[in-house]
Amino acid sequence: MEVDRVDRLVADLERLRPEIDLRLKAVAARLLHLSNLVQRYYSDIAERFDVSLSGLAVLTTLARQAPRELTLTEINREMLVTSGGITFVVSRLEKQGLLARQAHPSDGRAVLVRLTPRGRRLAGRLIEAVAEADAEAFAHLDDADRDTTEQLLRLVQAGIESAMAPHHDTTSATADWPVRPSPVGPQEGRSGSRTTRLDTTNRR
């Protein structure tokens with residue numbers, strides 16, 4: 001395989017800090033690099049539909065839970081792309097005519113969010129686009145490879161959650177979808193989508 005930035009990082013550490021467990025560092029560095037690639041990959045898909053990655057996550061979360069309406073807290077808990085700016089993301093989607101909000105009948109501090117007909121149509125297209133992207137990204141893996149990868153990633157996730165547990169609440173960051181937690185979701189550009197685009201000529 002071609003040498004990439006992770007290999008170079010590990011080689012540099014082997015020279016500078018030989019006491020570090022380089023096998024662990026290779027795994028950790030590869031995961032960090034992959035988390036960035038994955039977020040960029042799926043953000044690029046979201047941009048094609050004029051939404052951010054957080055917007056994609058909100059729309060598909062509501063589609064999965066339909067017809068039940070969700071509070072902002074429930075949406076944030078179910079999203080794999082966690083966002084401290086969920087109110088901003090929902091407000092933007094509402095302005096685009098994709099969501100509607102109404103007062104919660106029993107909690108004056110909360111609102112309920114639902115997809116509009118236009119939002120339901122777009123959520124369906126997003127789910128299809130993500131599925132196609134999944135198939136393209138993992139086409140080189142056979143069924144056994146995919147099963148093994150998923151099992152190993154579960155083990156890695158469990159280890160990271162265990163290490164984080166004394167310091168953080170990991171429940172909202174590990175719901176059902178594989179992108180790193182973001183403090184305010186993807187950076188919003190002029191159109192509300194990520195400003196960092198995927199370089200399709202070189203993903204290493």
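Helices (H or I, at least four residues) and strands (E, at least two) are DSSP runs, numbered from the N terminus. In this chain there are seven helices and two strands, and from the N terminus on the elements run α-α-α-α-α-β-β-α-α. The structure is a predicted model, in which local features need pLDDT of at least 70 and side-chain atom pairs count only at pLDDT 80 or more, while totals for chains, interfaces and linings use all residues. Residues are numbered from 1 along each chain as its sequence is written, and side-chain values use heavy atoms, with hydrogens and water left out.

**Burial**

- A residue is called buried under 20% relative accessible area, exposed over 50%, and partly exposed in between (1.4 Å probe, protein chains only).
- Of the 204 residues of the chain, 36% count as buried.

**Salt bridges**

- A salt bridge is a side-chain nitrogen of Lys or Arg within 4 Å of a carboxyl oxygen of Asp or Glu; by this rule the count comes to ten.
- One of them joins the side chains of D4 and R30, with N and O 2.5 Å apart. This pair links distant parts of the chain, since D4 lies in the segment before α1 (5-16) and R30 in helix α2 (residues 22-47), 26 residues apart.
- D4 is buried, with a relative accessible area of 3%, whereas R30 is partly exposed, with a value of 29%.
- R30 also meets the side chain of D7 in a salt bridge, at 3.5 Å from N to O. Here too distant parts of the chain are linked: D7 belongs to helix α1 and R30 to helix α2, 23 residues apart.
- D7 has 33% relative accessibility and therefore counts as partly exposed.
- Together, D4, D7 and R30 are linked in a network of salt bridges.
- Another salt bridge is formed by R17 and E19, whose closest N and O atoms are 2.5 Å apart. R17 counts as partly exposed because its relative accessibility is 43%, and E19 counts as exposed because its value is 53%.

**Surface charge**

- Patches are made of residues with over 30% relative accessible area and no salt bridge; like charges are joined within 9 Å, and nonpolar side chains (Val, Leu, Ile, Met, Phe, Trp, Tyr) within 5 Å.
- D142, D143, D145 and D147 form a negative surface patch.
- Within this group, D145 is found in helix α7 (residues 143-164). At 34% relative accessibility, D145 counts as partly exposed.

**Aromatic rings**

- Rings of Phe, Tyr and Trp (its six-membered ring) pair if their centres lie within 6.5 Å; planes under 30 degrees apart count as stacked, over 60 as edge-to-face and the rest as tilted.
- By this rule there is one aromatic pair. The rings of Y41 and Y42 have their centres 5.1 Å apart and their planes at 75°, so the pair is edge-to-face.
- Both Y41 and Y42 are buried.

**Backbone features**

- The peptide bond that joins A66 and P67 is cis, with omega at about 5°. P67 lies in the loop between α3 (53-65) and α4 (72-78).
- D50, a residue other than glycine, has a positive phi near 60°. This residue, D50, is found in the loop between α2 and α3, and at 40% relative accessibility D50 counts as partly exposed.

Key:
Accessible areas come from the Shrake-Rupley method with a 1.4 Å probe; for residues, only the protein chains shown count as cover. Lys and Arg count as positive and Asp and Glu as negative; His and the chain ends are not counted. The place of a charge is taken as NZ of Lys, CZ of Arg, CG of Asp or CD of Glu.
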